[in-house]
Amino acid sequence: MEILRVQNLSFRYPGAKQDTLCKLSFEVPSGAFILLCGESGCGKSTLLKLLKRELAPFGEKSGEIVYEGVRQQDMDDRDAACKIGFVQQNPESQVVTDKVWHELAFGLESLGYSTPVIRRRVAEMASYFGIQEWFRRNTSALSGGQKQMLSLASVMAMQPKLLLLDEPTSQLDPIAAAEFIATLQKLNRELGLTILLVEHRLEEVFPIADRVLILENGTAAVYDRPENIAARLREIRPDHRMFAALPSAVRIFEALSVEAPCPLTVKDGRRFLTGHFNNRRTDRLAEAAPAPATEKALALKDVWFRYEKNLPDVLRGLSLSVYRGEVLCVLGGNGTGKTTMLNLMAGLSKAYRGKILIGGKKIGSYPGNTLYRHNLAMLPQNPQTVFLEKTVRKDYEEICSVMGYGEQESEQHIARIAAQLEITPLLAKHPYDLSGGEQQKAALGKILLLQPQILLLDEPTKGIDAFSKQTLLSILRRLKQQGITVVMVTHDVEFAAKAADRCALFFDGEIVSADRPPAFFSDNNFYTTAANRISRHLYQNAVTCEDVVALCKQNGGIS
């Protein structure tokens, strides 16, 4: 029996020239795990908010949303609040109280449940989600992964039947993301909870979904079982852009064109390679010799930092050199100090011990705002903090004015950046009306208008689709050719493997290891790519799908 039916749903934001959703129809069976994906701006977040009546955006809406046989507009207010749960992308925007225990109880208190019921449900959720050890802590002291798990537990305390999640792992490190997805699978399997999940990172969630719904231009392009998705996309277009988003096992399978069942997981992918590509005339790719280190663009020497005098150190003797024209990706768990390191590099925070050198000069020796004029720029983790004006274009014009560009020069710069990032249609929109992925690309565009020599990026692939990542990769390579230095903090190991000259692991307040991507990822078990996990029993230094496919073709299949 269906729990949710969407029929001919269309939606248009005020002032928009076209619909965000266009006659969208689909059904969700009770107890199903549905994965919703698609390119940035295709309408995923809009759809999810429309399904949660209290969060529905303002605009023109037509069609029907039916929950358990009742039209959405006819649902009882209490049922609408309780039976459909919603977990947002950013846990900071969902956590509303100062204590963990109070956050768990807040929704139940708002609905007027009795104290014994509240205490019982809070205790049950705290036990189920493993929250006992931080039950009485301040919510501000939690890591990103803990905050997201708390948001989920708080929603589950309301005992929903349908759970909607909007990219809940986008700000989590790979280990925390895997734990979160495993928890969703457990809820679906053990409680029969119906789940509708919007996600760009598909490696973990794609194989466990019952069905995958791919949106394209506001309508359902494909709605089918995971093992059929690649074939269905091929029917639409052989070069469909969503192929780049599929799990590594699927992409490797598609590139090798073998008659066999499509693998979905790392385990299935390993079996596929063993069964069809076990000839090993060579087990590693030839690596180009690393370019010799040139001048240092940025250096940290024995840097120590804490936020308050009586708090523990966040950075502990951090030393790091980044060279001109290098792309350095820094990985590590949530809350380890990676963003703090970027803030010190950008001059937003000040170390109490150690030196930070930008272009060979101490960071404090740059007078006024000269550090940020053609020298250094930073894209923060929350792209909304970058925008100040009512449209993206006005924001871009404002930054061009600050940089002293003339009117014609400004227009040329804006048109060039917008074309590179494929955001020209977004220039006339209010930044807050954009999807998370669109905001991320628009914010990056504003930062690039500063024409920095050193670019600091904090989670630049957060919320953007796989094709947009390829665009960002091309931009980074072009910047590298221009001698621009990039330091990127990221949880996206797949992107880091392709983009980085070096990868570094941040732990316990310092860099504990740094190496070229093949050596870095081949030696890790968890901070590594799915392609490496799939192929490491056959090949030594394959860390991307392209690496695995190249080695398979070099060795040839089993006859």
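**Helix crossing, sheet edges and burial**

User: How is the crossing of α3 and α4 classed, left-handed or right-handed?

Analyst: The crossing of α3 and α4 is right-handed. That word applies when the near helix is turned clockwise from the far one by less than a right angle, and left-handed when it is turned anticlockwise. Helices (H or I, at least four residues) and strands (E, at least two) are DSSP runs numbered from the N terminus. This is a predicted model, where local features need pLDDT of at least 70 and side-chain atom pairs count only at pLDDT 80 or more, while totals for chains, interfaces and linings use all residues. Residues are numbered from 1 along each chain as its sequence is written, and side-chain values use heavy atoms, leaving out hydrogens and water.

User: What makes α3 oblique to α4?

Analyst: The axes of α3 (residues 100-110) and α4 (residues 115-128) come within 10 Å and cross at roughly 135°. Therefore α3 is oblique to α4: under 35 degrees would be roughly parallel, over 145 roughly antiparallel, 65 to 115 roughly perpendicular, and the rest is oblique. Axes are lines fitted to C-alpha atoms, for helices over the stretch in contact, with angles from 0 to 180 degrees between N-to-C directions.

User: Which residues of α3 and α4 meet?

Analyst: From α3, W101, L104, A105, L108 and E109 meet I118, R121, V122 and A126 of α4. Contact means heavy atoms within 4.5 Å.

User: Why do β16 and β20 count as edge strands?

Analyst: The open sheet has 6 strands in the order β16-β17-β18-β13-β19-β20, with mixed pairing. β16 (376-379) and β20 (510-515) each have a single partner strand, so one side of each has no neighbour in the sheet. Two strands pair if DSSP finds at least two bridges between them; β16 and β17 (residues 454-458) have 4, in the parallel sense.

User: How do you know that C37 is in no disulfide?

Analyst: A disulfide is a pair of cysteine sulfur atoms within 2.5 Å. The count by this rule is 0. For C37 the nearest cysteine sulfur, that of C42, is 8.2 Å away.

User: Why is C37 called buried?

Analyst: Its relative accessibility is 2%, so C37 is buried: buried means under 20% relative accessible area, exposed over 50%, partly exposed in between (1.4 Å probe, protein chains only). C400, at 0%, is buried too.
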